[in-house]
Amino acid sequence: MLLVCRFTVSPDEAPGFTDRAARALELLAAQPGCRGGEAGRAIEAPEQWVMTVRFDSVDAYRRALGPFPVREHVHPLLAEADTTTESTHETLLTVTAGGSAARHPSLLS
């Protein structure tokens with residue numbers, strides 16, 4: 001499962017945002033079933049940021065949001081994300097460096 005959250009962050013707020021995003025990613029990455037994540041900003045529109053986090057499953061994602069430190073630090077950050085697009089996605093194709101595409105079983109039928 002892939003979590004994709006988009007944010008609009010003014011240049012003045014960027015240092016605080018990156019601190020909060022780093023803390024959120026650390027907390028989520030410490031949860032069972034989290035495969036890690038990253039945050040970055042758009043090259044041509046530096047006020048546009050994205051944070052992505054990969055999980056083993058929807059259940060792992062939901063469980064990762066439960067611990068108190070996550071509710072305290074991650075939930076408020078996620079509440080600031082753009083809600084005009086979906087943020088949770090089913091992973092259907094995966095490719096590792098130098099590898100070929102692995103297709104989710106639902107794509108094989």
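This report describes the salt bridges and the aromatic ring pairs of a predicted model.

## Salt bridges in the model

A search covering the whole structure finds two salt bridges. One of them joins the side chains of Arg-20 and Glu-80, with an N to O distance of 2.7 Å. Because Arg-20 belongs to helix 1 (residues 14–29) and Glu-80 to the loop between helix 3 (68–79) and strand 4 (88–89), this pair ties together parts of the chain that are 60 residues apart in sequence.

The other salt bridge is formed by the side chains of Arg-35 and Asp-56, again with 2.7 Å from N to O. Here the arginine lies in strand 2 (residues 34–41), while Asp-56 sits in the loop between strand 3 (48–55) and helix 2 (58–64), so that the contact ties together parts that are 21 residues apart in sequence.

## Exposure of the charged residues

In the bridge between Arg-20 and Glu-80, Glu-80 has a relative accessibility of 45% and therefore counts as partly exposed, and Arg-20, with a relative accessible area of 34%, is partly exposed as well.

## Aromatic ring pairs

The count of aromatic pairs in the model comes to three. Which residues do ring pairs link into a cluster? The cluster consists of Phe-7, Phe-17 and Trp-49, which are linked through pairs of their rings.

Notes. Residues numbered from 1 in each chain as written. Predicted model: local features only at pLDDT ≥ 70, side-chain atom pairs only at ≥ 80, totals over all residues. Heavy atoms only, no water. Salt bridge = Lys/Arg side-chain N within 4 Å of Asp/Glu carboxyl O. Helix = DSSP H or I, 4+ residues; strand = E, 2+ residues; numbered from the N terminus. Buried < 20%, exposed > 50% of the residue type's maximum accessible area, 1.4 Å probe, protein only. Phe/Tyr/Trp six-rings, centres within 6.5 Å; stacked < 30°, edge-to-face > 60°.
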